[in-house]
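Trainee: Could you walk me through how to read a pocket and its surroundings in a model like this?
Mentor: Gladly; let us look together.

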Amino acid sequence: MSDETERRLTIDDVAKVAGVSRSTVSLVLRNSGLVAERTKIAVREAAERLGYVYNRTAAIRARHSYLVGIIIPDLTNPFYSELTAGVDQVLNDSGWISLLGNSWESPVSQEKILRRMHEQNVDAVIICPVTAADQSAAENLARSGLRVLQVLRRTEADTSYLGIDYAHGVALAVDHLSELGHTDIVLLGGERVYSAATERYEGYISSMRSHGLEPRHVPCALRRSAAAEKVRELFDKEERRPTALVCFNDVVAIGAMASLERMGLKVGRDVSVVGFDNVADAEFVQPPLTTVDTHARQLGERAATLVLDSIQNGSPMSATTIMETSLVVRDSTGKAPLRS
């Protein structure tokens, strides 16, 4: 093959011969763990047959794409919107661009998004991963070959983690309600299938027992409608109704409050409700929601800063960074009602 022909060879030529996409060839040439071994062999054989030589020096020169991926599990949750806004602001100010993916709590979707982001040669990925119950998702994350920062939830993948002190946040809520005289306090929402739920639950159990109270967890999906239905069932069936609810997040709390009001119960007087996250809507629902502030925007800003510092300095991120919470007291909580 002449020098002129060889110079004209591109990744597209290799892709055509191997019968794969251009992005797949790029992943193979960069030794990505996301490509099946059989595909790697086919691509390498095609490159060898054509005489294609990967210009690694040119690839190193273009070492930054100035792209950072963000993968969240539910874009409809306003907390994640705030988190993403914080990440995006810092990236934009620094000349980077964010690529957003929504996994919808699906390991399959998460893997597809990771693959696409790898194909776009992102400099890093900030991810709130799918449930830790899916071991393959954690393994795919660990072998993705990307600089990864897990936020809010941690899996067994060996990456850096930025989280919230969930246990302390829930303890703040229980302590507040106990001081108001509540003894029947239910933890509403969430199933203990990932770290954020487990840490909330452990904080609730510990705080309830420290006050000599009997803990009770009522799981439900993290949607307003699911919370409303679960609260209706709880208050219809219970002979001794709880006087207070500590909710997994503000979405659950707002659904619970709507259901209580429909049953003729006054939130803040008959039943106290505490949320978790302090999303923008929390201040404007009626009554305004007492909630644990997780400082979502600042969390996003911190995530972006950790990633950019690592990229620009060529240094690893801190293994674990935990941010504190605070309690914002509003009108959805009040003194425990007198029992007849």
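Mentor: This is a predicted model, where local features need pLDDT of at least 70, side-chain atom pairs count only at pLDDT 80 or more, and totals for chains, interfaces and linings use all residues. Residues are numbered from 1 along each chain as its sequence is written, and side-chain values use heavy atoms, without hydrogens and water.

Trainee: Which domains supply the lining of the second largest pocket?

Mentor: On a 1 Å grid over the protein atoms alone, a pocket is an open set of points where a 1.4 Å probe fits, with protein on both sides within 12 Å along at least five of seven lines; lining residues have an atom within 4 Å of a point. Here, domain 2 (67-164 + 296-323) and domain 3 (166-294) each give at least three lining residues, with bounds from an automatic or database domain assignment. Among the 25 lining residues, Glu105, Arg153, Tyr194, Leu222 and Phe248 are the closest to the centre.

Trainee: Is glutamate 199 buried or exposed?

Mentor: Buried means under 20% relative accessible area, exposed over 50%, and partly exposed in between (1.4 Å probe, protein chains only). Glutamate 199 is buried at 18%, while arginine 154 is partly exposed at 32%.
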